[in-house]
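Try each task before you read its solution.

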Amino acid sequence: MTVFPAAGIAAARHGRRGAGNRWHERAEIAVLSLPALVIFATFVIIPVVMAAYYGFFNWRGYGPPANFVGLRNYQLILADPAFQAALGHNAFILVLSLVTQGPVAIAVALLLNQRMRGRSIVRVLVFVPYVISEVIAGTGWSLILQTQGALNDLLREAGISQAAIDWLTNPQLAIWTLMLIIMWKYLGFAVIIMLSGLQGIPEELREAAAIDRASYWQIQRHVVLPLLAPTIRIWAFLSIIGSLQVFDLVYIVWGQYLAQSAGTSTMATYMVVNGRNAGSYGFGNAVAVVIFLISLVVALAYQRFALRRDTDGALTEGAK
Amino acid sequence: MSAISRRRGNPVAYLISFALVGFCFLPALYIILGGFRTNSQIIQKPSGLPDPWVASNYIDVLAGSLFWREAANSLICAFGTTLGVVVLGLMASYAIARYNFKSKQAMYAFFSAGLMFPITVAITPLYIMIRDLGLVNSLAGVILPQIAFALPMTIIILTPVLKAIPKELEEAALVDGASRLGFFARMAVPLAMPGVITVGVLAFVGSWNGYLLPLFILSNEALYTLPLGVQSFASQYSVDTARVLAFVALSMIPALIFFSVLERRIVGGLTGAVKG
């Protein structure tokens with residue numbers, strides 16, 4: 001019995017070229033990585049592959065799919081005005097999130113990066129909406145935004161508007177209301193990301209510019225912003241992907257029927273309403289494939305044109 | 001003079017921070033305070049403060065079994081997910097970071113590819129998979145996919161952390177007779193703790209707030225997690241606004257406590273070393 005450990009150490013000393021040792025190492029690699037590989041393949045990869053398969057069938061979800069319809073589901077989806085509207089809403093959310101949250105978050109981060117009292121408390125409170133779940137945020141906001149709700153009451157009190165504004169069901173207004181809720185939910189996250197980027201910019205650069213008599217704004221414009229650009233691009237990428245996947249907030253605040261008439265439906269709510277809720281699993285899977293392909297194209301395009309410089313190292317570094 | 005004004009910051013900064021904090025925190029405050037009002041108070045003055053304060057909404061919710069059962073289900077899911085993600089993620093990252101084998105680049109790329117599939121996109125086929133495995137209406141049916149979907153980010157975060165452990169430490173441990181797996185359990189895991197906590201917090205909060213997956217998997221109300229519970233409570237008691245607000249406030253508190261306890265870890269982990 002005592003021979004084996006001694007032999008093991010001897011083998012270790014002689015390097016790892018022994019056949020037994022190599023087998024041993026392979027066993028260790030398998031023990032370490034197989035559980036994660038199995039779970040990951042079962043619940044992420046196989047379902048995604050199956051979605052592409054199911055998407056070719058007209059299938060109610062029971063028994064093996066038999067009614068092969070080829071690309072019919074995809075034709076129906078792309079021709080459906082409801083899907084086109086949902087896609088339009090996603091695009092609207094995507095663009096508006098970038099042009100509103102981005103500048104506001106940068107401005108706030110610049111502000112919070114200065115010395116001031118209570119800065120750490122502000123940072124925590126700004127982050128609170130991000131930690132609250134979409135369901136809670138949605139339920140709270142839908143109560144606040146009722147025509148007889150707190151926001152209209154507040155506007156009346158402040159003498160800004162006497163009207164009972166219909167924030168949720170008026171199709172002209174609802175998508176802007178959704179943007180307000182999205183802004184509230186995700187602004188803090190953007191601020192924190194921007195702050196982390198600002199903190200990586202050496203103070204000396206700003207001081208040097210100040211000595212050269214650059215004004216505050218000149219320093220921000222010509223020194224700080226260019227150095228913040230990688231952070232902004234990473235945030236924008238996360239925001240774009242998030243915008244294409246919006247589901248919880250819309251489904252909670254507007255529900256499956258109202259979202260379409262109020263003009264806040266998204267591709268994901270369209271998928272759930274017309275797939276699972278309608279019992280059309282083949283169709284739902286096809287919508288999933290469409291959402292995935294759109295996300296993939298947008299992600300690759302963004303990666304190609306904006307992000308490449310920043311993630312070149314970051315995403316591949318780990319395995320080198 | 002200038003030193004003082006520098007330390008205090010300029011008034012505009014305070015004004016804007018104040019507005020920002022109001023925007024971010026007031027809705028949460030409205031929910032919490034609304035739970036201390038009566039329905040007639042809320043109808044008469046939707047944006048008012050509690051007058052008088054009533055605790056009965058909170059007491060009713062806390063005295064019933066519904067809230068506790070759903071909180072327990074959420075806790076089981078969150079802990080199960082966190083434990084699974086941390087254990088499996090550490091093991092796989094360790095293999096990728098510290099062993100040499102031909103397919104390790106491919107394995108890393110395989111896991112990283114998971115970032116391309118958010119749960120929203122995969123949910124319909126995932127539901128069918130879980131149904132075929134007989135896991136519908138079981139918490140395991142929520143926990144296992146949550147582990148799977150959290151693995152890519154976990155492995156991306158943990159692999160460089162484990163790789164950064166000096167080779168000399170491992171060689172010294174091997175000379176002292178430790179096996180490589182022994183080194184993993186006794187040395188590598190403790191050294192990777194900061195990364196493990198970041199990953200664990202992300203997994204916990206993600207699971208606690210998860211809605212779409214439980215919505216598909218759990219139709220038995222006895223298994224509802226808090227997000228599902230909040231939604232069904234809100235539609236069931238839609239006329240009893242005060243009680244809904246109390247229920248919503250209570251279900252938001254655990255995540256807030258968890259976050260404020262580990263706030264330095266999360267925000268600190270994102271912002272790096274925070275000065276001043």
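**Exercise 1. Describe how chain B is divided into domains, and which parts of domain 1 touch domain 2.**

Step 1: Start with the bounds. Chain B has domain 1 (11-54) and domain 2 (65-271), with bounds that come from an automatic or database domain assignment.

Step 2: Look at the spacing. Taken over C-alpha atoms, the centres of domain 1 of chain B and domain 2 of chain B are 33 Å apart.

Step 3: Find the contact, where two residues count if their C-beta atoms, placed from the backbone, lie within 7 Å. Domain 1 of chain B contributes nine residues and domain 2 of chain B eight residues.

Step 4: Helix H2 (11-34) and helix H3 (39-44) of chain B each supply at least two residues, and H2(B) gives the most, with four residues.

A word on the model: it is predicted, so local features need pLDDT of at least 70 and side-chain atom pairs count only at pLDDT 80 or more, while totals for chains, interfaces and linings use all residues. Residues are numbered from 1 along each chain as its sequence is written, with chains lettered from A and ligands numbered from 1 in the order in which they are written.

**Exercise 2. Work out how many residues of chain A and chain B are in contact, and which helix of chain A gives the largest share.**

Step 1: Count both sides. In chain A, 81 residues are in contact with 84 residues of chain B.

Step 2: Locate the main contributor. Helix H2 (residues 19-54) of chain A provides the largest share of the chain A side, 18 residues.

**Exercise 3. Identify the residues that touch the most other members of the largest nonpolar core.**

Step 1: Pick them out. Among 162 residues, they are Val191(A), Met194(A) and Leu151(B).

Step 2: Zoom in on Leu151(B). Its contacts include Ala36(A), Phe40(A) and Val85(B).

**Exercise 4. Decide where pLDDT stays under 50 in chain A.**

Step 1: pLDDT stays under 50 over residues 1-17 of chain A and over residues 311-320 of chain A.

Definitions and conventions
Core = buried A, V, L, I, M, F, W, Y, C linked by C-beta atoms within 7 Å. Buried ≥ 20, exposed ≤ 12 C-beta atoms within 10 Å, placed from the backbone. pLDDT = per-residue confidence, 0-100. Lists of a residue's contacts leave out its neighbours within four places in sequence.
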